[in-house]
Amino acid sequence: MNRPTPKQLAPELEFPILGANSWNLKAQQPKNFTLVVFYRGLHCPICKKYLQELQNLLPDFKERGVEVAAVSMDAEERARLSRQKWELDALTLGYDLPEATAKQWGLYLSEGIKEGEPELFSEPGLFLIDSEHKIYYSSITSNPWGRPYLPSLIKAIDFILENDYPARGEK
């Protein structure tokens, strides 16, 4: 499976979002970066904590010129329950991510094995995409743990911006 490579254009990404029609990566015009967080879905308690922390840090990301969106393969109803139960009123929350798109982004896919899990869902991924829609940084995991620590990511963005640090890992 090919994964998106730093310094290359990001794959196409469009999905419906709660409270609006849709979100499209090509339409994003951040000052510095777009942060896309792929999460497992409503069934994942670790995703709940991660997205709550992400929402709490939205002002810090915004201050650094970073636009943020999160998306899963969950259907709209499950996404609405995530928003409600997890109190994610400020986070751009997408749903119905197609399997083919998850694969284009190099995400691992899992089959549901217990009650409450969908038949198929993507494992976590986090992508920092520059203002030219090129991959700057990515983290893809095959389980719910091991995701980047968001406060450290904010410090990394500060370092990137202060030092004009280039994307790495393109080879």
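Predicted model: local features only at pLDDT ≥ 70, side-chain atom pairs only at ≥ 80, totals over all residues.
Me: How many cavities of 30 Å³ or more does a search of the whole structure find?
Reply: Happy to start there. The search covers the whole structure and counts a cavity when its volume is 30 Å³ or more. The largest cavity holds about 50 Å³ of space. The number found is 1.

Me: Which elements give two or more residues to the lining of the largest cavity?
Reply: Let's look at the lining residues, which include Val37, Phe38, Gly125 and Leu126. Strand β3 spans 33-38 and strand β8 spans 125-130. The elements asked for are therefore β3 and β8.

Me: How many residues of the lining of the largest cavity are charged?
Reply: The lining has 6 nonpolar and 3 polar residues. Among the lining residues are Tyr50, Ser139, Thr141 and Arg147. Arg counts as charged. The charged count is 1.

Me: Which element gives the largest share of the largest nonpolar core?
Reply: This core has 32 residues, and Leu35, Leu51, Leu54 and Phe61 touch the most other members. Elements giving two or more residues to the core include β3, α1 (45-56), α2 (58-63) and α5 (150-163). The largest share is 5 residues, and it comes from α5.

Me: Leaving aside neighbours within four places in sequence, which residues is Leu54 in contact with?
Reply: Leu54 is one of the core residues that touch the most other members. In soluble globular proteins, nonpolar side chains tend to be buried together. With neighbours within four places in sequence left aside, the contacts of Leu54 are Leu35, Val37, Phe61, Val68, Leu91 and Leu150.

Definitions and conventions:
Residues numbered from 1 in each chain as written. Heavy atoms only, no water. 1 Å grid on protein atoms, 1.4 Å probe; cavity = no way out; pocket = protein on both sides within 12 Å on 5 of 7 lines; lining within 4 Å. Points joined across faces, edges and corners; volume = space filled by probe spheres on them. Helix = DSSP H or I, 4+ residues; strand = E, 2+ residues; numbered from the N terminus. Core = buried A, V, L, I, M, F, W, Y, C linked by side-chain atoms within 4.5 Å. Buried < 20%, exposed > 50% of the residue type's maximum accessible area, 1.4 Å probe, protein only. Contact = heavy atoms within 4.5 Å.
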